[in-house]
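Here is a friendly walk through one protein model. Please keep the sequence and the 3D view side by side as you read.

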Amino acid sequence: MNKKRESNRFQVPLMYAFREAFEAGDSRKLVEERLGGERVVTSRASLARRGTDEVRLKRNLVIDLLALVNTVDLGSAVDLSDMEWVRQSVLNFGLPDITHLTSDEEGVDDIAKYLADALLQHEPRLDPDSLVVTRDEFFDDVEQRVRFRVSADMACRPADVPIDFVAEIDISSGKVLLSRLPVTS
């Protein structure tokens, strides 16, 4: 195989294979097919060997990031102070509820920490040593929105992929919009 072509292919995360099978509508289809007694390698079965490209990796990351930042964690509804394992598990997936804040409160600055903590806890593709979350000076007083700039490296083989995006948070609804990332459609 061409060296240049190999360097543009990345290792496929496990969830990528599940998402691809779902989108293709063949998740129940037998992966190993035979033709005349000979094993035929289907495109889905060869996915791990082929690898994928940076755009598809980022697309899958965006889908999962949107789910993470737009989910309110369990700790916002239930006191988990005596439940360390639950606080660190997927049962506590998401961000703390921020709808009680107003944009002029000092608690808004804590959102950067909430965002970083959620990304570190629930997004293993991001290299923890490279994650930086900073509040942007932009503030929409009428819409009650604040922005945070996020940068990190998505751990991949053969090379990590840099990720930069803006998380714009609507304080009144708690909804988060991500921009500067590939489109998910």
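## Arg149 and its neighbours

Arg149 touches Val132, Val133, Thr134, Asp136, Phe165, Val166 and Arg180, leaving aside residues up to four places away in sequence; contact here means heavy atoms within 4.5 Å. Arg149 sits in strand S4. Helices (H or I, at least four residues) and strands (E, at least two) are DSSP runs, numbered from the N terminus.

Is Arg149 buried, partly exposed or exposed? Its relative accessibility is 37%, so Arg149 counts as partly exposed. Buried means under 20% relative accessible area, exposed over 50%, and partly exposed in between, using a 1.4 Å probe and protein chains only. Ala112 is 37 residues from Arg149 along the chain, yet their C-alpha atoms are separated by 9.0 Å.

## About the model

This is a predicted model, in which local features need pLDDT of at least 70 and side-chain atom pairs count only at pLDDT 80 or more, while totals for chains, interfaces and linings use all residues. Residues are numbered from 1 along each chain as its sequence is written, and side-chain values use heavy atoms, with hydrogens and water left out.

## The overall plan

The protein has six helices and six strands. Reading from the N terminus, the order is α-α-β-β-α-α-α-α-β-β-β-β. Of its 185 residues, 34% are buried. Among contacts with a separation of 6 or more, 52% are between residues 24 or more positions apart.

## The nonpolar core

A nonpolar core is a set of buried Ala, Val, Leu, Ile, Met, Phe, Trp, Tyr and Cys residues joined through side-chain atoms within 4.5 Å. The largest one has 34 residues, and those touching the most other members are Ile111, Leu115, Leu119, Val133, Phe148, Phe165 and Leu178. Two or more residues come from each of H4, H6, strand S4 (145–154), strand S5 (161–170) and strand S6 (176–179).

Not counting residues up to four places away in sequence, its contacts include Ile111, Leu115, Val133 and Phe165.

Helix H4 covers residues 54–69. Its 16 residues should span 22 Å at 1.5 Å a residue, and its end C-alpha atoms are 22 Å apart, which agrees; the expected span is 1.5 Å times one less than the number of residues. Among the buried residues of H4 are Leu57, Asn60, Leu61, Asp64, Leu65 and Leu68.

Arg19, in helix H2 (residues 14–24), touches Asn60, Ile63 and Asp64, not counting residues up to four places away in sequence. With 16% relative accessibility, Arg19 counts as buried.

## Pocket and cavity

On a 1 Å grid over the protein atoms alone, a cavity is a set of points where a 1.4 Å probe fits but cannot get out, and a pocket is an open set with protein on both sides within 12 Å along at least five of seven lines; lining residues have an atom within 4 Å of a point. Grid points are joined across faces, edges and corners, and a volume is the space filled by probe spheres set on the points.

The largest pocket has a volume of about 230 Å³. Its lining has 13 residues, of which Asp73, Arg87, Asn92, Asp117 and Ala118 are the closest to its centre. Helix H6 (111–122) is one of the elements giving two or more residues to this lining, and H6 gives the most, with six.
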